[in-house]
Structures are given as structure tokens and as C-alpha cells.
Amino acid sequence: MDEFENRLKRDAMDINAEISAQLAARIEASLQAVERIEPARQNHSATSNLWWASSLTGLAATAAVIALLNWNRPDPVPVLPEQTVFQVVPDAREYLQQIQGRFPLRTETADFTHGLEDELTRLQADFEKARENVNRDIDFAF
Amino acid sequence: MVTDEQLVAAALQGSAAAFNEIVERYQERLLRFLLTRSASRADAEDAIQDTFISAYRYLYSFDPRWRFSTWLYRIALRNVARQPGHNALETEVEPVDAEDPLQICLAVSDHENLWLTAKRLLSDDAYSAMWLRYVEDMSVREVARALNKSVSWAKVTLLRGRRRLKLKMSESASVTARSESYG
């Protein structure tokens, strides 16, 4: 215990806490007047009976639910074997090999040259106009 | 020597003498603490009376895994908190004044009582924690239980309280030394 703790103890003891005869009598009288509360005693036989009753009710309810579920169970859904699925949808590569040559896959060149040339001419004209505008602005500025 | 817990067991069996022995053991210690926490001596006396009544009535609920003093101080703190003047005291900026029962009950000394300083510097809970730890010699766990707080709260609060009081103590000591050197 260091000096600080000693000082705390010493200073606490400096507080006068003398119990007057009047206060002692007051405490004694109040304790005689008051009744001690006893914890509520549990009735063991009643508790065990309740436990049995609730357990049996629970078991009966569970059995009833199981029976009801089995009674109303729908017909099982037929499950197709995995082999059947592969037979219906063949492998994609095999399928492509099978269909190769059955359909004619010819292509022709699309004739869009005329429209594109017009567009290109218009763009060049716009570009030239913009360039002239910029040059004019530069001349104004300097 | 019969322990508190043995006395409680005897009191639970119906021995009035055993509970009277408990009262004898604790009344002065408890009143000393309550004087520092109540607004007046009358309030402190009311609180101690209520504490013993509650302890006697609800003795069956005492958990013997803990020290009896922890349980008793917990009841005392609850009774103090219920007192009407308690909250008013909390909101005051300077709670210590001439009417303070603690100041009245103090013996004349050349230095300020450290508990008076603590009352001025610390919060109510921190003050109680310091008292229970250093005057009642409770462990940190017991302090936490008595105040219904966590153990980490008790640790931090005690550390801070100790630091603040020590700082104040050293400040006062340096002021005294300076005034002595000036004559």
C-alpha cells in the first residue's frame, strides 16, 4: 500500500461517523418491526406432474402432425434418369457436325459505297468550313 | 472470528442476534460512506436505516458467491440514489459548501481531507468506486458489482480517479512548500 492509499484511508477515518444512541435505537426498532421476506417455496410434486403432462401433450401433438403429413402427401414426382437427358439434348459439337452441309451458307457483298461517299464528302466540307472559321478568328485575334 | 457469510446463514435460519451482529459490524463504516454521499446527516441516517431494513427483508436474495459488503453497499447506493436531494447535488457545479455533512464531520487538520477533494473533482460513481476500493478494500470486480458496472469501467474509473487525486495532491503540496519558503 503506497502513501496515497494510506492517505485515503486515514482521511476516511477522519470523518466522524459515530452512531448516536438515538440512531442505533431507530435501526433496532425498525428491524424488529419489519418482516423478512421468504422466497416462494416450489411445490415439487406439482412441478413434476406439470412436466409429465406437458411432455405427453408434446409427444401426442408431434405424432398427430407426422400422421397428418403422411396422410396428405402428394404423389411423388417422376424423376428422369440422367441418361435420358443426354439423349434428348446431344453435345453441341456433334450437333453442328450433323447439321453441317444441310443448309446453304452463302453470303453476298453489300452495296453501300455510294451513300458512304456522300457522307464523307459532307464531312470534309464541314471540316473545311470549321477550319476557315478558326483561321478567321485567329486573324481577328492577332 | 465468524465471517459475514456465516452470520447471514445464521440470520436466514432465524437468528436475530446474527443480524444484529451484522448491523454492529457495518453501521459505522456504512454511515461514514453515506455521510459523503448524502445531502445532509439526516439523509445519511435515513439511508443507513433503509439499507439495513432492505438487507434484512431481502436477505434470502444474497448471493454467497460475493462478499456480503458488496451486496450491502449496493443496497446503500440504491437508497442514496433514491433520496430527493441526490440529483440536485449532482447538478451543482460546486457541490461542497458550508452545509456539507462531510465538511462538518471532518476532524480539524492542516490539509484538506482528500475525500472532500475527491467529492469536488470526481463524479458520484467514480467517488464511490474510489471509496469502495481504497477504504473498503474491495477488489475491482467487487467494486464493479457494487456499482452495477462493468469490470473494465471500474478499472478505468479507478485509474483516472487515482491520477486526478494524485495530481491535485502534488499541486497542493507544491503550493504549501512555496508558501512555507516565502514565510
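How many residues does the contact take from chain B and from chain A? In this predicted model, the contact takes 27 residues from chain B and 22 residues from chain A.

**View 1. The side of chain B that touches chain A.** Helix H2, helix H3 (41–57), helix H6 (101–105) and helix H7 (114–121) of chain B are the elements that each give two or more residues to this side. The greatest share comes from H2(B), which supplies seven residues. Sorted by class, the side of chain B that touches chain A comprises 17 nonpolar, five polar and five charged residues.

**View 2. Packing of helices H1 and H2 of chain B.** Helix H1 (residues 4–12) of chain B packs with helix H2 (residues 16–37) of chain B at an angle of about 145 degrees, and their axes are 7 Å apart. The crossing of H1(B) and H2(B) is left-handed. From H1(B), the residues Asp4(B), Leu7(B), Ala10(B) and Ala11(B) meet Ala18(B), Phe19(B), Glu21(B) and Ile22(B) of H2(B). Six of the residues in this contact are nonpolar and two are charged, with no polar residue.

**View 3. The largest nonpolar core.** This core has 47 residues, of which Leu30(B), Leu34(B), Leu72(B), Ala76(B) and Val143(B) touch the most other members. Domain 1 (1–105) and domain 2 (107–183) of chain B each provide at least three residues to the core. In soluble globular proteins, nonpolar side chains tend to be buried together.

**View 4. The surroundings of Val143(B).** When residues up to four places away in sequence are not counted, Val143(B) touches Ala129(B), Leu132(B), Arg133(B), Met138(B) and Ala154(B). Val143(B) is also one of the residues that touch the most other members of the largest nonpolar core.

Technical notes. Residues numbered from 1 in each chain as written. Chains lettered and ligands numbered in written order. Predicted model: local features only at pLDDT ≥ 70, side-chain atom pairs only at ≥ 80, totals over all residues. Axes fitted to C-alpha atoms, helices over the stretch in contact; angles between N-to-C directions. Helix = DSSP H or I, 4+ residues; strand = E, 2+ residues; numbered from the N terminus. Left-handed = near helix turned anticlockwise from the far one by under 90°. Contact = placed C-beta atoms within 7 Å. Nonpolar A, V, L, I, M, F, W, Y, C, P; charged D, E, K, R; others polar. Core = buried A, V, L, I, M, F, W, Y, C linked by C-beta atoms within 7 Å. Buried ≥ 20, exposed ≤ 12 C-beta atoms within 10 Å, placed from the backbone. Domains from an automatic or database assignment.
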